[in-house]
Amino acid sequence: MTLGYLVRRLLAVILVLFVVTFAVFAITMILPGNAAVMILGEYGTEEAVAAMERRLGLDRPWYIQYLDWIGGILRGDLGQSLRLSLPVADVVGDAFWNSASLAVTSLVSVTVIAIPLGVLAAIKRGTVADLVIGIFSYIGASMPEFVTATLLLIFLAGPALGLFPAGGFVSPGESLGGFSSHVVLPAATLGLILTAHISRQVRSEMSEVLSSDYIRAARLKGLRERRVIRRHALPNSLAPAVAVISLDIGYLLGGIIVVEEIFAWPGLGRLLIYALENRDLPVIQAITLVLATVYALSNLLSDIVIAILDPRVRYA
Amino acid sequence: MAGGNARGADSVTPVLEVSGYSLSYATPSGPVHALKNVDLRVTHGQTHGLVGESGSGKSSLAWAILRYLPENAIENDGRLLLSGENLRDRTHPQILEIRGRRISMVFQDPSTSLNPAMRLGEQLSEVLIRHRGLSLQEALEESEAALARTGIAKPGDMLRRYPHEASGGEKQRVVIATAFACNPELIVFDEPTTALDIITAQQILELFNQLQDETSISALYISHDLGLVSRVADVVSVINSGEIVESGPCAEVFRTPRNDYTKALLDAVPNPKQWLGVKEPPSEAPALMSAKGVTVEYGRQSLLGQLLAPKPTHLGAQEVSIEVRKGELVGLVGESGSGKSTMGKVLSGLQDFDGVVRFGDRDFARLAQIDRAYRRAVQIVFQHPDASLNPRQRVREILSRPLKLYDIVPREQRAERIARLLEQVRLPPEFADRLPHQLSGGEKQRVAIARAFAAEPELVICDEITASLDVSVQASVAELLVSLQRQTGTACLFITHDLNLVRQLAHRICVMQHGRLMDAFHRDDAEGPDRNPYTRALLKAVPPPASQAA
């Protein structure tokens, strides 16, 4: 991979994030009722609002406010939560790590399960195994996560089996066992649709690669099937799958909001809902920015992985 | 790859003997016969040419020999003997030991038969590791030597490249080196030069003959091109609808073909000495269309694109000037990437350009100026009728589109005009109700030609219109074009890579290379002394077939 390729991709990410900060800032400026009104409530007098605006610096021109806000972000100062009376960085930081532990668990298990499943379906195309995987994928892909979550809760956390806690969170640093038992149901909920999606993607890519000329050529060299699949077919079918996984991260970030609420997982999703209900603008801004950054960086990561898998991309 | 064969080297047992072999494919509408009672022998050190058109079963025979048949294949009778061993009795693991080691294959298109995500060195050395038990280091050293024998200048460097970093000829050399790597008894060549450029194909053919001399390998050389087979094969078999219709020493079959099908095939091979085209318009006739200094730059980017991922632009055409007179047929010849299709797109109003295109008495300086009148007067026929005919429209709708669009005939006369167009391209009137998939390749191309002529154009651009057709169909499509020209007086720009064909049709020939016009000459001067060296190289690469040489 050329350094130039990396630098260009990185510049693109920075540009995107810059646009995002601008959008986030603009939206919060456009929203009815500024922070001063929110703090004082709807019945604050005009003088009180004006005084509060001066105190918060809201009477300055918008670009000064924007530069001030950006400067704060670059220094790691995201402001003060309006409701929790805590620094936004602390509140969002804790929630971020909690969410990350859930998302990463989910994504890793999805990847580990979905890719072999897709490969298997492609190799066994037209057999019972392919059919079973196909049916499972259809069901998985067509169930919204609140339905999956409810079903999992009833069957696995209900009084009958009670295998897993119905909700709550234990940090992995505190007790790995506690974390594991708490993470299973939310991670499974998030992962089901993704597993279905990714395994179907891998299956179709793999099927296409398996019918290509170069796979035929590899087989006609007398190579053993294991080498044909692992060395010749897999790298070619994974590159498009990785692109899909990185798009799915966007889905994951949305799904996490619902799932955290259902399973009482104290992450970004729950915090975002709390902040929205309480019009805690600095927190909303910070979470939006964090989600956008995660999404942009995961896309960058997938571009790098794709470039490793497919040499043609590196110089494009 | 030097030295004799370990097995089956005695002169009695043929390396390959196919006897009484029949093959069919199970389909929902019953079995389709692919091969009927095929007999074919390749003796030691011999190159056996197998010639047939698409659907003749020539590829099925290759797959049968390599035991790589689809699941719906039904093998009926017959034997496939490799040095006396019946391959049909071998188990799958045994076949895996035979493939690549005792029989190997060279494929048609090196750009699809090499894995894009693997270095060329790994793809070559893996057969040595698999079949000769070499270590990676030994295999790479051996690969380098094998590649050197195929005439690659820096084989070590080539081994480290990926397929997209090598040219078509280099890639095919890697494929050939791979096929020769384990010194097999038999190599099956499946149209190994069809996907390559003219001059590269010629070099690969020379390489084949050189390796054949050095190693005296036995080869089954499959091709649709009789002329080409006559230059490599000792013995030739002609296959038609799954049956070998004629077989014998190459020179004999070409000189005195006995079978009618063979004769028809030989007749269809373009012969530059046999003029098919229309009478040449007088040389003082004014130009109908003249392009002056046309330049096309590909890969122009938006400002944002330039900032984020700047890519170099490249010139598809550079200062190209071409002129076509009324009623004339001008050939535009070049290899892939020469810019000949770019010019076709510019002149048919599909591609933006710099420079001037003069048509009649009007000048057009960029794409945006090309108007409806121009588009009616200049029609294009593309290479692949499959892609250029809408699969959901019946022939009637396809042909009525230009009639409606340019208001060629009043509504009530349309049906009559469609029937006449079909007649002009020699298709029965009931074809108007057919869908494209119900037609053969040649019939589809006739419909595409009829569509172009429906607009009553003054110039028709034919972009490789015969390239995807079988030899015998090619000839009839070319003839059809000429007869339409004769009837309508339409001028034609005939874009092709086939020099022999274009010399039968074109009054003047323009040669392009790397986006530039290299040469332009009258057909009588094709072999003249003032030809550009590139033109001469092209002409040398496609000698007329053996039977016509005399």
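How many of the 316 residues of chain A count as buried? The answer is 32%. Keep in mind that everything shown in these views comes from a predicted model.

**View 1. Chain A, a chain of helices.** Let's start with the overall look of chain A, which has 12 helices and 0 strands. Read along the sequence, then, its pattern is simply α-α-α-α-α-α-α-α-α-α-α-α. The C-alpha trace of chain A spans about 85 × 60 × 35 Å along its principal axes. Take the contacts in chain A between residues at least 6 apart in sequence: 70% of them join residues at least 24 apart.

**View 2. Where chain B touches chain A.** Here the two chains meet, with 21 residues coming from chain A and 25 residues from chain B. On the chain B side, the elements that give two or more residues are helix 2 (92-98), helix 3 (110-113) and helix 4 (120-132). Helix 4 of chain B gives the most to this side, with 4 residues. Sorted by class, the side of chain B that touches chain A has 13 nonpolar, 6 polar and 6 charged residues.

**View 3. Helix 4 of chain B against helix 7 of chain B.** Now we stay with helix 4 of chain B and look at how it packs with helix 7 (residues 168-180) of chain B: the angle is about 15° and the axes are 8 Å apart. Because angles under 35 degrees count as roughly parallel, helix 4 of chain B is roughly parallel to helix 7 of chain B. Their crossing is right-handed. From helix 4 of chain B come B:Leu120, B:Gln123, B:Leu124 and B:Val127, and they meet B:Val174, B:Ala177 and B:Thr178 in helix 7 of chain B. By class, this contact has 5 nonpolar, 2 polar and no charged residues.

**View 4. An open sheet in chain B.** Time for some strands: this open sheet has 4 strands in the order 13-12-15-16 (chain B), and the pairing is antiparallel. At the edges sit strand 13 (314-325) and strand 16 (362-364) of chain B, each pairing on one side only. On average, neighbouring strands of this sheet are turned by 15° against each other, direction ignored.

**View 5. Strands 15 and 16 of chain B, one pair from that sheet.** Zooming in on the pair, strand 15 (residues 354-359) of chain B is joined to strand 16 of chain B by 3 bridges, and the two run antiparallel.

Definitions and conventions. Residues numbered from 1 in each chain as written. Chains lettered and ligands numbered in written order. Predicted model: local features only at pLDDT ≥ 70, side-chain atom pairs only at ≥ 80, totals over all residues. Contact = placed C-beta atoms within 7 Å. Nonpolar A, V, L, I, M, F, W, Y, C, P; charged D, E, K, R; others polar. Pairing = 2+ DSSP bridges. Axes fitted to C-alpha atoms, helices over the stretch in contact; angles between N-to-C directions. Buried ≥ 20, exposed ≤ 12 C-beta atoms within 10 Å, placed from the backbone. Parallel < 35°, antiparallel > 145°, perpendicular 65-115°, else oblique. Left-handed = near helix turned anticlockwise from the far one by under 90°.
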